[in-house]
Amino acid sequence: MKLKYLFLLLAFQLTFANKTALIEGKILNSTEKEILISGLNFDLTIPLDEEGNFSKAISVNHAGLYSFYANGYRWEIYLNKEAHLSISFDQNNLYETILFKGNVANECSYLFKKFKIITDENLNPNKIYTLKEEEFVEAIDQLIASNIELLRNNTSLDNDFKKLEEKNIILITL
């Protein structure tokens, strides 16, 4: 009888066990000693070793977008409870060297491409907000169209992520 209860307890624990996400990677030529990941009620600092490597198992309470801060850059990454994400890049050549691997790599690659669109000189929010009203509306329309096109062209994205991102495209430009 005790064995039966022990088996049920073990099965219950395995079913409802907290799953952890893993984020790791390498930053070549890093000028900092740590990276920061933040989200809603969530801030995590991960140290870099002397060669720029980092690795951390983290508890993710909800699937969604998190900010990744490294060496003066900030972009969004997508994490869920079972995410395994590897990020590597050369600080001296971020845009050409960034590489995402793992089961959320497609979503993170998409978000980085979106970051590049937003930071483009013509669509930079700091520049857009100084435009006259008509130019401002045109720039916002261009930003939305660029983001929607990017989302539609990425057919390998998780469906839940796509639904979330469709809402975010409109909200981010408001």
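These legends go with a set of close-up views of the predicted model.

The model is predicted, so local features are taken at pLDDT of at least 70 and side-chain atom pairs at pLDDT 80 or more, while totals for chains, interfaces and linings use all residues. Numbering starts from 1 along each chain as its sequence is written, and side-chain values use heavy atoms, with hydrogens and water left out.

**Figure 1. The whole chain, to get your bearings.** The protein chain has six helices and eight strands; these are DSSP runs numbered from the N terminus, with helices being H or I of at least four residues and strands being E of at least two. Reading from the N terminus, the order is α-β-β-β-β-β-β-β-α-β-α-α-α-α. Of the 174 residues, 36% are buried, where buried means under 20% relative accessible area, exposed means over 50%, and partly exposed is in between (1.4 Å probe, protein chains only). Take the contacts between residues at least 6 apart in sequence, and 52% of them link residues at least 24 apart; a contact here means heavy atoms within 4.5 Å.

Figure 2. Four strands line up in the order 3-2-5-6 as an open sheet with antiparallel pairing; two strands pair if DSSP finds at least two bridges between them. Strand 3 (42-47) and strand 6 (73-79) are the edges with a single partner strand each, so one side of each has no neighbour in the sheet. From one strand to the next, the twist averages 25 degrees; axes are lines fitted to C-alpha atoms, for helices over the stretch in contact, and angles run from 0 to 180 degrees between N-to-C directions. Seven bridges hold the antiparallel pair of strand 5 (residues 64-70) and strand 6, and Ser67 has Glu76 of strand 6 as its bridge partner. Helix 3 (residues 105-119) lies across strand 5 and strand 6, at about 150 degrees to strand 6.

Figure 3. Strand 1 and strand 4 are an antiparallel pair over seven bridges, with Thr20 opposite Ser59 in strand 4.

**Figure 4. Inside the largest nonpolar core.** This core has 42 residues, and Ile23, Phe68, Trp75, Ile77 and Ile87 have the most contacts inside it. A nonpolar core is a set of buried Ala, Val, Leu, Ile, Met, Phe, Trp, Tyr and Cys residues joined through side-chain atoms within 4.5 Å. Helix 3 gives the most to the core, with six residues. Leaving out neighbours within four places in sequence, Ile77 has contacts that include Ile23, Phe68, Ile87, Cys108 and Leu111.

**Figure 5. Two polar residues under cover.** Asn71, in the loop between strand 5 and strand 6, counts as buried because its relative accessible area is 9%. Its side chain makes polar contacts with the side chains of Ser30, at 3.2 Å, and Gln91, at 2.9 Å. A polar contact is a pair of N or O atoms within 3.5 Å; within protein, one must be able to donate a hydrogen and the other to accept it, and residues adjacent in sequence count only if both atoms are side-chain atoms. Lys114, in helix 3, is buried as well, with a relative accessible area of 7%. Beyond four places in sequence, Lys114 touches Asn147, Leu150, Glu165, Asn168 and Ile169.

**Figure 6. Two asparagines with positive phi.** Asn29 has phi near 55 degrees and lies in the loop between strand 1 (20-28) and strand 2 (34-39). Asn29 is partly exposed, at 44% relative accessible area. Asn41, in the loop between strand 2 and strand 3, has a positive phi of about 55 degrees although it isn't a glycine. Asn41 counts as exposed, because its relative accessibility is 78%.
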